[in-house]
Amino acid sequence: MKTLIVDDQYEDKAQIIASILKSIGEDDFDLVMDAKKAIRSMTSIKYDLLILDLQIPEVLGEDAKNDGGTQLLKYIELNESIIKPTVVLGITSHRDAYDSCFDFFKKRGWSLILGVDDQEQISSVLKTMKVHVTTLEKKYDVVFLTALPHTEYEAVLALPLDWKEHQEVNDDCIYHTSNITTSSGSSLSVIATTLPHMGIAAAAATTASICVKFKPSLIIMTGICAGILDRVNLGDILVADPTWDWGSGKLTIENGAAKFLSQPTQMALDPSLRRRIQRIATSNTYMNEIYAGWSNTRPPHNPKVHIGPMATGAVVLEDPMTVDLIKAQNRTTNGIEMEAFGVMAAAYYSGPNRPKVLIAKSVCDFANPEKNDDWQSYAAYTSAQFAYNFLKNDITI
């Protein structure tokens, strides 16, 4: 929680506040002693919490103004060049200042404390603010999302990242967070989680929550899928472009027989992502290393990357006739799975700051009666490794 303390008397209130912040595990704070320096700091730094004395000078060395704190807050509200703090805590040792400013703070949902003698109360207020800031302002550059908690999510957690388990307030999901340093030297914050169960509905609901809670720039869904026989091979990475719900349409009767009339909405891959992945697919970048990195049984060929149509449906398929129905909807279909359309649709409808979405799943079977689980771990591995290498080397966020 990045904090700015504004107080011209460090040996008094500011020192106590700094000590309390450290006691609750928050030592990332700056101290300035006048309004002018506070404004300068907030034009370049996003602060989660602003703590200020009500009696502060405009410039250090001048007399402190009784309304210096509120004048600073009004200036912050009106000036577009200032990066607004998320929450504000006012502190004063003067009863008359407390009484006159109480309504000003209350109307804005901010806290105002009289004196610093009750350090237990201040600690409680700061802990509550910490939870509030964590809930509202947590932002991650990238989200890793999988459908299965075993196999798929295990492959993500096996990536060479220093994952730390993370729990959000009022959220049953278990998350893992980390940072990745790209080949260009930039640092990306990453959070990973898995769906509560498979399917379009769970994928859409979880993605919508992620978009609101974490405001990511990119969502990457990895995992396993069924491939179309004779188009792709086991372990190949299928990048969805587009994806659609293959069960969307109308079931009618024609010539005495049931007939399905498809009417899907299609979700396309972001063009900038497509261009970058197309280059990787053409050059087969990373594939030798990924193939060599798997120490168990492997198919007799390196994996390849395919960009193309991927159908999403509500059932696990072991039926070649249904596969033919799906291929009739798009003759170049590469794969079939159960979540991609829900993820892409939820992200697309999340608003103008919507994240980009990359669906990169790997072939573990061909949706026929010979379907089994033998290649699931390998496919989850190739998918996660491809996403990691792409994120580390080929994307700018």
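Predicted model: local features only at pLDDT ≥ 70, side-chain atom pairs only at ≥ 80, totals over all residues.

Student: At what angle do the axes of H7 and H11 cross?

Tutor: The axes of helix H7 (residues 200–214) and helix H11 (residues 340–348) cross at roughly 35 degrees and come within 7 Å. The crossing is right-handed.

Student: Next, the pockets. How much space lies in the largest pocket?

Tutor: A pocket is an open set of points. Here the largest pocket holds about 320 Å³ of space. Its lining is made up of 21 residues, and Met-198, Ile-224, Val-316, Met-338 and Lys-371 lie nearest the centre. By class, the lining has 13 nonpolar, 2 polar and 6 charged residues.

Student: Which strands each supply at least two residues of that pocket lining?

Tutor: Strand E10 (218–227), strand E16 (335–337) and strand E17 (356–365).

Student: What about cavities: how many of 30 Å³ or more does the structure hold?

Tutor: In a cavity, a 1.4 Å probe fits but cannot get out. The structure holds 1 cavity of 30 Å³ or more. The largest cavity has a volume of about 50 Å³.

Student: Which residues line the largest cavity?

Tutor: Among them are Ile-5, Asp-7, Lys-13, Ile-51 and Ile-91. Strand E1 (3–6), helix H1 (10–23) and strand E3 (49–53) each supply at least two residues of this lining. By class, the cavity lining has 7 nonpolar, no polar and 3 charged residues.

Terms used: Residues numbered from 1 in each chain as written. Heavy atoms only, no water. Axes fitted to C-alpha atoms, helices over the stretch in contact; angles between N-to-C directions. Helix = DSSP H or I, 4+ residues; strand = E, 2+ residues; numbered from the N terminus. Left-handed = near helix turned anticlockwise from the far one by under 90°. 1 Å grid on protein atoms, 1.4 Å probe; cavity = no way out; pocket = protein on both sides within 12 Å on 5 of 7 lines; lining within 4 Å. Points joined across faces, edges and corners; volume = space filled by probe spheres on them. Nonpolar A, V, L, I, M, F, W, Y, C, P; charged D, E, K, R; others polar.
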